[in-house]
Amino acid sequence: MRFFVGFITLLFSLSPVVALSAPFAAAESVAVVADSTVSLPGGSQAIVLDSATMSKFMEFMAASKQETVAQSSTTEPSKRLHRVAKQNVFAPRGQWFLGGTLSYTNYKGENFKFLVVEDMALNAILASGRAMVGCCVTNDIAVGLALTYDRTKVQIDELNLKLSEDMAFGIKDFYSIQHTFSASAFLRTYIALDKNRRFGLFNDLRFSFGGGQGKIINGKGEELVGTYQKITKAGIMIQPGISVFVTDFMAVEASIGILGVNYSRTEQITNQVSQGYFENFSADFKLNLLSIGLGITFYF
């Protein structure tokens, strides 16, 4: 546009101007000869300029071109469009949380028969409680500490095993109780399942150490036998789960153990006379139904 305005101004300010072509923009080639006429293909009218006018016109075009190039070089380059996947954050950096889980299992039978088991009457309870506190050191990664209490109680009033007509044995009046405490450090990672921070998956990597005690009573009256136990245990466990926010600050969590390496040592003394010990080391990669936990966690 600036080119045409300057061109028209130049035509009216300089001489001689004979005529304007119609249409000028449609001409594909123009031959200019000082003080002479110009022939265009198709016999259309042409603009006739002398050599001085043509020289000034060419200078004007060169100056306009240089100005256009200078403006283009100072223009800010266009920003490139980068396609970046945005990850939803479930637990942001600096987030503190406090909560706990509970697990409870009860086995109970009365006069139960199955295969070689006959007349089984038992009552077994496995309970566990865990309290924890943690902090997110970065987005969706947290560290923390936890305290765990486990209690196991087994009472067998009668249990008969009949392998054949000539081979059978049974257990009667058996009672065992055991409770342990343990402390653990854990690393937790989160994965958000939606943009609203309502549903998320987590995985705990735990390092635990603890101990406890227990007792076993077998028989009645003069046949009563009592055993005292001292327990030490340590382990590493991977326990994934799901977290669901029911309010802005409270979430319900469910988890289950799938991988664990555990070591335990049990020292015992029977009737305050006979002593012994038992060690166990295990590495499992399977669903541990005994480690199912359900709890509530508060985020603040």
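Predicted model: local features only at pLDDT ≥ 70, side-chain atom pairs only at ≥ 80, totals over all residues.
Local features need pLDDT of at least 70 and side-chain atom pairs count only at pLDDT 80 or more, while totals for chains, interfaces and linings use all residues. Residues are numbered from 1 along each chain as its sequence is written, and side-chain values use heavy atoms, with hydrogens and water left out.

Side chains of opposite charge can pair when their charged atoms come close. A search of the whole structure finds seven salt bridges (a side-chain nitrogen of Lys or Arg within 4 Å of a carboxyl oxygen of Asp or Glu). One of them joins Lys-233 to Asp-150, with the closest N and O atoms 3.4 Å apart. This pair links distant parts of the chain, 83 residues apart: Lys-233 is in strand β6 (residues 225-245) and Asp-150 in strand β3 (residues 141-162). Strands (E, at least two residues) are DSSP runs, numbered from the N terminus. Lys-233 is partly exposed, at 26% relative accessible area (partly exposed lies between buried, under 20%, and exposed, over 50%, with a 1.4 Å probe and protein chains only). Asp-150 is also partly exposed, at 22%.

Glu-253 pairs with Arg-188 in a salt bridge, the closest N and O atoms being 3.2 Å apart. Glu-253 lies in strand β7 (residues 250-270) and Arg-188 in strand β4 (residues 168-192), 65 residues apart. Both residues are buried. Arg-188, Glu-253 and Asp-204 form a network of salt bridges.

Glu-279 forms a salt bridge with Arg-265, and their closest N and O atoms are 2.7 Å apart. Glu-279 is in strand β8 (residues 274-299) and Arg-265 in strand β7, so the pair ties together parts 14 residues apart in sequence. Glu-279 is partly exposed, at 41%. Arg-265 is partly exposed, at 24%.

How values were computed:
Helix = DSSP H or I, 4+ residues; strand = E, 2+ residues; numbered from the N terminus.
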